[in-house]
Amino acid sequence: MNILAIESSCDDTAAAVVRDGRTVLSSCVSSQIEMHTVYGGVVPEIASRKHVEAIAALADRALAEAGITRREVDAVAVTYGPGLIGALLVAVNFAKSAALALGKPLIPVHHLRGHIAANYLAFPQLEPPFLSLCISGGNSMIVDVAGYTDMTILGATRDDAAGECFDKIARVLGLPYPGGKPMDDLSQGGDPTKYPLPRAKLEHDLDMSFSGLKTAAVNLIHNAAQKGEALDLPSLAASVTAAVSDELIPRTMEAARRTGRTVLTAAGGVAANRTIRANLEAACRENDLTLYLPPLSLCGDNGAMIGSQAYYEYLAGTRADSSLNAYANMAI
Ligand code: KG4
């Protein structure tokens, strides 16, 4: 079954063709990063306009690169939330029109379910049940994936996402947007114990918080600037990364202990972080868990992950019609 999948939830326009949920025939991404860099973050209105400009040509390119014609598309899938509402609406309306014009089913996909499904593309042997640590620019959560379409959030951030924490601190340091990768690069060789930064303690102990860490790091940078003190930047980046890692990994191990799950996957842009990947590997070794880490190309937003999840949504009977709407927030 060939699924044409469209995604525009934030600042990447993406289109892909995926066969039977596991084989990527094409995956095209048009990034808007350059456009938003000037502003130090995503400007929603600009994102929506750029999606409109890119989407039709990108879908055509995805079909051409997959080597299939429009007639060979069996279903159209689209991310319908969560994300920036104006941005989401572009792909939703495009997909509705495409499904109608082609006379094929329309399959709505939750963005984070897509991030989790990116692992199916990289690891053919992976099947639920497993736990997934979903860490992106807009979300951070530990999800119990009991079945392909049966998921429960065990813990989530109470405020900022891990990616946002990296991005905001990076912005104050004058690093390029999005700041996760530059922070990752900067942290290499730094001393992660040099700057003591807070770790959150929450009532619901599988939930996380990143806003206190973000504020503490920003204050530290501003105070140093006011006093004219030079910071050891690699060590600061390493200390921030260690704090983010401490927020995520022990809770994920605890979630595994409580649920008895023995397989863990990671998902989302922050799963590309070298320190977090290494710490996850070490923690899984220690706790006898099998870990699947998606390749960097599948960590960030892409259409292929939506096409993968869409296949399983289709098998479960999920369909949408032309009344499909987009949602900025939605349960998994
Ligand atoms: O999954 P994604 O591409 O988009 C969302 O759905 O949010 O994630 C983007 C986030 C950004 O915050 C970016 O700074 C972060 O992932 N990121 C990283 C790294 N690469 C991307 N964070 C830490 N280390 C990285 N190497």
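1. In α2, Ser48, His51, Val52, Ile55, Ala56 and Ala59 touch Gly86, Ala87, Val90, Ala91 and Phe94 of α3 (contact is heavy atoms within 4.5 Å). Sorted by class, that contact holds eight nonpolar, three polar and no charged residues (Ala, Val, Leu, Ile, Met, Phe, Trp, Tyr, Cys and Pro are nonpolar, Asp, Glu, Lys and Arg charged, and the others, Gly among them, polar).

2. Before going on: this is a predicted model, where local features need pLDDT of at least 70 and side-chain atom pairs pLDDT 80 or more, while totals for chains, interfaces and linings use all residues. Numbering runs from 1 along each chain as its sequence is written, and side-chain values use heavy atoms, with hydrogens and water left out.

3. Now the geometry of that first pair. The axes of α2 (residues 44-66) and α3 (residues 85-102) come within 9 Å and cross at roughly 25° (axes are fitted to C-alpha atoms over the stretch in contact, with angles from 0 to 180 degrees between N-to-C directions; helices are DSSP runs of H or I, at least four residues, and strands of E, at least two). So α2 and α3 are roughly parallel (angles under 35 degrees; 65 to 115 is roughly perpendicular).

4. Contrast α4 (residues 111-122) and α11 (residues 304-315): they pack at about 95°, axes 7 Å apart, and are therefore roughly perpendicular. Their contact has eight nonpolar, five polar and two charged residues.

5. Serine 9 sits in the loop between β1 (2-7) and β2 (12-19). Serine 9 is buried at 3% relative accessible area (buried is under 20%, with a 1.4 Å probe and protein chains only). Beyond its neighbours within four places in sequence, serine 9 contacts residues including Ala87, His111 and Asp301.

Methods:
Parallel < 35°, antiparallel > 145°, perpendicular 65-115°, else oblique. Buried < 20%, exposed > 50% of the residue type's maximum accessible area, 1.4 Å probe, protein only.
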